[in-house]
Amino acid sequence: MSLIRLILWTLGITIFGLCLDEPGFTLWSKLLPSMRLGSIPIGADSPLYMLDMTLGLALVAVAEEVIFRGLAFTTLKERGYSIPKIFLISAVIFGLMHWSQGPVAIIATAVTGSGLMICMYCTRSIYPTIIAHYVINYLSFSGKAAQFWGL
């Protein structure tokens with residue numbers, strides 16, 4: 001894959017994810033009840049905050065992309081599942097993994113996960129999805145995405 005293609009896909013899926021994430025949470029939270037079990041326990045005033053926002057979110061992005069895009073795709077493809085079924089199964093499981101944040105997060109992350117799977121499928125690489133996943137999470141957890149959208 002060329003560097004230009006990698007950059008374009010990474011930027012494209014990051015923008016796609018950010019457009020779905022914060023506005024998506026706002027839209028779905030109007031339609032569904034909030035049933036969150038809790039939130040991130042580390043506040044911005046903690047010395048561990050920057051470690052969590054950098055290394056912690058990077059580890060999450062790598063682990064989730066390896067599992068939900070790389071491993072899920074390879075395993076389900078080897079078992080004979082069609083591409084649409086692979087996308088659907090991966091998205092549903094990825095969404096359900098965020099169940100503790102309530103139904104809004106399940107739907108928003110499932111849709112974002114679908115976009116990430118499309119990116120991985122089209123580029124044949126998880127590198128753009130790892131980068132995009134990290135940027136989406138960083139901007140969301142830091143509050144910068146909500147500020148951008150005026151939410």
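Modeller: Of the contacts in the protein between residues at least 6 apart in sequence, 76% join residues at least 24 apart; contact here means heavy atoms within 4.5 Å. This is a predicted model, in which local features need pLDDT of at least 70, side-chain atom pairs count only at pLDDT 80 or more, and totals for chains, interfaces and linings use all residues. Residues are numbered from 1 along each chain as its sequence is written, and side-chain values use heavy atoms, with hydrogens and water left out.

The mean for the protein is 86, and 91% of its residues reach 70 or more. Confidence is lowest in helix α1 (residues 3-31), where the mean is 80, and highest in helix α3 (residues 83-96), where it is 94. Where pLDDT is low, the predicted coordinates should not be read in detail.

The protein has six helices and zero strands, helices (H or I, at least four residues) and strands (E, at least two) being DSSP runs numbered from the N terminus. Read from that terminus, the order of elements is α-α-α-α-α-α. The radius of gyration is 15 Å, close to the 15 Å that the globule rule gives for 151 residues, so the protein is as compact as a globular protein of that length; the radius is taken over C-alpha atoms, and the rule is 2.2 Å times the number of residues to the power 0.38. Along the principal axes, the C-alpha atoms fill a box of roughly 45 × 35 × 25 Å. Of the 151 residues, 37% count as buried, a word that stands for under 20% relative accessible area, with exposed over 50% and partly exposed in between (1.4 Å probe, protein chains only).

Leaving aside neighbours within four places in sequence, T10 is in contact with P128, I131 and A132. T10 and T123 are 113 residues apart in sequence, yet their C-alpha atoms are 9.7 Å apart. For T10 and I130, 120 residues apart along the chain, the C-alpha separation is 8.7 Å.

I130 itself belongs to helix α5 and, at 16% relative accessibility, counts as buried. With neighbours within four places again set aside, the contacts of I130 are A61, V62 and E65. Further along, S140 also sits in helix α5, which covers residues 127-142. At 18% relative accessibility, S140 counts as buried, and beyond its neighbours within four places it is in contact with D21, E22 and A145.

E22 returns in the account of W149. That tryptophan is in helix α6 (residues 144-149) and is partly exposed, with a relative accessible area of 34%. Beyond its neighbours within four places, W149 is in contact with L18, C19, E22 and P23. W149 and E22 are 127 residues apart in sequence and 7.5 Å apart in space, C-alpha to C-alpha.

A further case is A91 in helix α3, buried with a relative accessible area of 6%. The C-alpha atoms of A91 and L116, 25 residues apart in sequence, lie 9.2 Å apart.

R124 lies between α4 (103-123) and α5 and is exposed, with a relative accessible area of 59%. Its phi is near 60°, a positive value in a residue other than glycine. Most residues other than glycine have a negative phi, and most peptide bonds are trans.

Two surface values remain. The protein exposes about 8700 Å², of which carbon and sulfur atoms supply 72%; such areas come from the Shrake-Rupley method with a 1.4 Å probe, and for residues only the protein chains shown count as cover. The mean positions of its 9 positive and 7 negative charges are 12 Å apart. Lys and Arg count as positive and Asp and Glu as negative, while His and the chain ends are not counted; each charge is placed at NZ of Lys, CZ of Arg, CG of Asp or CD of Glu.

How values were computed
pLDDT = per-residue confidence, 0-100.
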